[in-house]
Amino acid sequence: MNDLDSELLEGLFMKQGFNAGSLEEADVAVLVTCCVRETAENRALGRVSRLKKWKEERPGRYIILAGCLAQKESEKLRKNYPYIDYIVGPGNIFDLPVLLKEQEQKTILVDKLNERHKGPIITYRRSSFRASVNITYGCENYCAYCIVPYVRGKLVNRPVDDILQEVQALIRKGVKEITLLGQNVNAYWYKGWKFPDLLKTVARIEGLERVRFVTSHPKDFTDDIIKVMAEEPSVCESLHLPLQSGSNKILQRMGRRYTFEKYQSIVTRIRQYIPDIALSSDFITGFPGEDEEDFEKTRWALESIRYDTAFLFLYNPRPMTRAASLSGQLPYEVKQQRLARLIEIQQQISLQINRQTIGETVSVLVTHPSPRYEEQVVGRTRSDKNVVFEGTPNLIGKLVRVKIREAYPSTLIGVKCANEKVFP
Ligand code: SAM
Ligand code: SF4
């Protein structure tokens, strides 16, 4: 979400005549922040403090703080960090470059929390072959631990035509892979169009090789979605379906509105129709009231479902959220120990699953040069795994076939198939 905001901001600035560059040479520094977890918030504030000196080094420099931390703490930021020039909430990013160009002295722009940009967003994108497209903004689920509804506003569904026009424009520019983006994409609804209708229509747009979507919510995940995923060749075999906890007691306290059994039944059905689906999930350890028995249920869920990847977080009380004032808050050490146990288990599972791909030939969209070795490139499989293989930068943006030779928990190593057609 924040990556897309940064990308859109970059495009909007370029339209106004600005160019992206290094901090040393820059006149404007833009920080796109997140406040879902406290660590991200603290990191952002640390960077703001360091930018003070940067600003003082040359007159005429600007600091802009954008994203959900800006929305959450606008007044406090203005008071404690008076050298920030603009504080811009997620709903206001489209206003910023124009204001900056006109040098208008408005420091806080957070009034569009619940409204969003209308029309297709046709602007510069960093990648010419992969792009994310918002289909919804905000969220109204109010999971007990989550700050998103308070800082990204209520759910706004983008009009179907805006989404389709944006996807078509991206494909015309050479984009091969689109990710449909929203906090709960499965709840998409616009004038009778539901998520499976939108997914099917996007999947059938000529020229699109791959489509993904994130994030799914188990309470809104229906068989119609599985049907589209199974029937449309461009829909990738990967699904991020956060479970959060394996304990029904904790799921209820979290306000997630599904049970572990309902979640299991979705997994069974998706694996029945798409046997090679790669599953990933989010989990929180140490939610208030989580006892050893609840944690064991989560551990068991992780071990029995066997995800390709899991994003594991320790519970972090966030302001405004219900969970922050729930009884049964756990000591940091307990949350940390539980997190460490899950990380260890998941590393093993990811390794085992990835090792099963050794010997397979997979389609890879080459994304960037290897940061480690000059003669290697990195790409993504349809199952959303990283693959490193020997190749030259001219392969970037192309689809190639790679035979997997080695596997690690988060990376596959392969060899590009010889004499294979490289798709433009
Ligand atoms: N909308 C998505 C969903 O419903 O799964 C995820 C949104 S949230 C930005 C990403 C993940 O951060 C969540 O799935 C959750 O695991 C984690 N998260 C959110 N709030 C948290 C908190 N207070 N403490 C720890 N993890 C949290
Ligand atoms: Fe947060 Fe729940 Fe909305 Fe996801 S669905 S953004 S976890 S409130």
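**Cavities and their linings**

Modeller: The lining of the largest cavity comprises 8 nonpolar, 5 polar and 3 charged residues. Please note that this is a predicted model.

Biologist: How many cavities of 30 Å³ or more does the structure hold?

Modeller: The structure holds 2 cavities at that cut-off of 30 Å³ or more. The largest cavity has about 130 Å³ of space.

Biologist: Which residues are closest to the centre of the largest cavity?

Modeller: They are Asp5, Pro90, Arg116, Asn134 and Tyr137, out of 16 residues that line the largest cavity.

Biologist: And which elements give two or more residues to that lining?

Modeller: Those elements are α1, spanning 2-15, and β6, spanning 136-137. The largest share comes from α1, with 3 residues.

Biologist: Which domains each supply at least three residues to the lining of the largest cavity?

Modeller: Both domain 1 (2-109) and domain 2 (113-236) do so, each giving at least three residues to the lining.

Biologist: Turning to the other one, how much space lies in the second largest cavity?

Modeller: About 30 Å³ of space lies in the second largest cavity.

Biologist: What lines the second largest cavity?

Modeller: Its lining consists of Ile121, Ile122, Thr123, Glu166, Ala169, Leu170 and Lys173.

Biologist: How do the residues of that lining divide by class?

Modeller: There are 4 nonpolar residues, 1 polar residue and 2 charged residues in the lining of the second largest cavity.

Conventions
Residues are numbered from 1 along each chain as its sequence is written. Chains are lettered from A and ligands numbered from 1 in the order in which they are written. This is a predicted model: local features need pLDDT of at least 70, side-chain atom pairs count only at pLDDT 80 or more; totals for chains, interfaces and linings use all residues. Side-chain values use heavy atoms; hydrogens and water are left out. On a 1 Å grid over the protein atoms alone, a cavity is a set of points where a 1.4 Å probe fits but cannot get out, and a pocket is an open set with protein on both sides within 12 Å along at least five of seven lines; lining residues have an atom within 4 Å of a point. Grid points are joined across faces, edges and corners, and a volume is the space filled by probe spheres set on the points. Helices (H or I, at least four residues) and strands (E, at least two) are DSSP runs, numbered from the N terminus. Ala, Val, Leu, Ile, Met, Phe, Trp, Tyr, Cys and Pro count as nonpolar, Asp, Glu, Lys and Arg as charged, and the others, Gly among them, as polar. Domain bounds come from an automatic or database domain assignment.
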